[in-house]
Amino acid sequence: MKRSKALFAASKKVLVGGVDSPVRAFRAVGGDPVFMRSGKGAHLTDADGKSYVDFVLSWGPMILGHAHPAVVRAAEGALRKGSSFGAPTEEELRLAEAVREALPSMERLRFTSSGTEAVMSALRVARAFTGRELVIKFVGGYHGHVDSLLVAAGSGATTLGRPDSDGVPAAWAKTTLCLPYNDVAAAQKAFREHGRRIAAVIVEPVAANMGVVAPEPPFLEALRELTRKNKSLLIFDEVITGFRFFYGGAQTGMRITPDLTTLGKIVGGGFPVGCYGGRKEIMDLVAPLGPVYQAGTLSGNPVAMAAGLATLQVLKKDKPYARMAEMARVIVTELRGMARFKGLPVQVNHVASMFTVFFTETPVRDFATAKTSDTRMYGRFFHALLERGVYFPPAQFEAAMLSAAHSKLDLERTLEAAARALRRL
Ligand code: KE4
């Protein structure tokens, strides 16, 4: 860890907290962050040459594993033709067509350079389309660092939000209603009280930012019904779930059609890409067609588009989803068994190739129950795995993910490390 430590010490003198995104600083698990130098397949190598089986996958994008040959070839090829023109290119057309083919609800779409930008833009066009201001989000849901969504639930389930970050004007936070995830009654109450003022509901169709929490039927169906009845818009934030569970969005499998969808991560193949889109009559409000302004110097960047398209093409051809889900099932089953054998209070929430280990007796179905997890125990578990070359998310309220590159050997190495880690807790 010598080189990582030296790099961290130097980084803290110029990068805020030594990182470009807070979760990378290991504050949630303690200790200094590991600086990564390279990745190949399901493995990362740190600045000191130590290798890890990677379950973070850059927080989702690297579903094919790191440095997949088809993605590298596509990005290199695009780069050789120039990296950015600030003009329309065929690459963005091809990726847009592939996205719409996989998610037909996105009749018109636009690429941005991050998931946050996609969410921010989707909210703006939703407010413009409905002429309303209020937005409902769910406590523990994370949709990027959009000012008005950086709010925590006020006391009680349906009070107006209050800022969860400094620098967010209270007035902006007050345009956001925070409700408990999976709580249909709270959503019904919110619409009874504020219905005609609600522009949109934004929801992760499978929550991953409180740790993995699956929607309990009829939660999402109820949101679809409530928004339709009240002429509000339903926004599925599929930045994580888009192309994660199968070739398409969680919406495809759930047969729920949102009015707007946001994407990111996988759709950029490891390059800075976000995307928002939905019904044509809504998206036609966006400039240059309509009065909702949204722009971006590097939006639709041809190198990123080429990498995203190559990623989707490999996913569509190889269909690695069943194998990734089966590998996750094996890991989850083994982890539950080991914890039970050790008498540890563990809940492992699992959806397809994503899972989260919570150290609590309480079943985790929303952020309030997720917070009963012993996060210090998670930190010890994380470091015990890290020591043994297994890289789980360095924070409790995140999702561990499988890639198409994880092998049986990686599974064995992970389970062996987990058995030892759980013994030491
Ligand atoms: P970005 O702006 O980070 O590209 O996307 C924001 C975003 C939007 N919606 C959902 C559902 C998301 O999960 C995210 C970002 N996810 C986090 C990890 N949970 C990114 C990691 C980080 O912040 O460093």
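Reader: What makes β1 and β2 a pair of strands?

Author: Strands pair if DSSP finds at least two bridges between them. Here 4 bridges join β1 (residues 36–40) to β2 (residues 43–46), so the two count as paired. They run antiparallel. Strands are DSSP runs of E, at least two residues, and helices are runs of H or I, at least four, all numbered from the N terminus. This is a predicted model, where local features need pLDDT of at least 70, side-chain atom pairs count only at pLDDT 80 or more, and totals for chains, interfaces and linings use all residues. Residues are numbered from 1 along each chain as its sequence is written, and side-chain values use heavy atoms, with hydrogens and water left out.

Reader: What lies between β1 and β2 in the hairpin?

Author: The hairpin has 2 residues between these strands. Gly41 takes a positive phi near 60° there.

Reader: How do you know that β2 also pairs with β3?

Author: 3 bridges join β2 to β3 (residues 51–54), again antiparallel. Thr45 has Ser51 of β3 as its bridge partner. β2 and β3 form a hairpin with 4 residues between them. Gly49 in that turn has a positive phi of about 85°.

Reader: Which residues of helix α1 are called buried?

Author: In α1 (residues 2–11) they are Ser4, Phe8 and Ser11. Buried means under 20% relative accessible area (1.4 Å probe, protein chains only).

Reader: Why are the buried residues of α1 said to line one face?

Author: Seen down the axis of α1, they fall within an arc of 65°, so they line one face of the helix. The arc is taken from the directions from the helix axis to the C-beta atoms.

Reader: What is the order of the open sheet of 3 strands?

Author: The order is β13-β14-β16, with antiparallel pairing. β13 (347–351) and β16 (400–401) stand at the edges, each with a single partner strand, so one side of each has no neighbour in the sheet. 2 bridges join β14 (residues 354–358) to β16. Phe355 has Ala400 of β16 as its bridge partner.

Reader: Why is α11 called roughly parallel to α14?

Author: Their axes cross at roughly 20° and come within 10 Å. Angles under 35 degrees count as roughly parallel, so α11 is roughly parallel to α14. Axes are lines fitted to C-alpha atoms over the stretch in contact, with angles from 0 to 180 degrees between N-to-C directions. Contact means heavy atoms within 4.5 Å. Among the residues making it are Met327 and Leu335 of α11, and Leu411 and Leu415 of α14.

Methods:
Buried < 20%, exposed > 50% of the residue type's maximum accessible area, 1.4 Å probe, protein only. Parallel < 35°, antiparallel > 145°, perpendicular 65-115°, else oblique.
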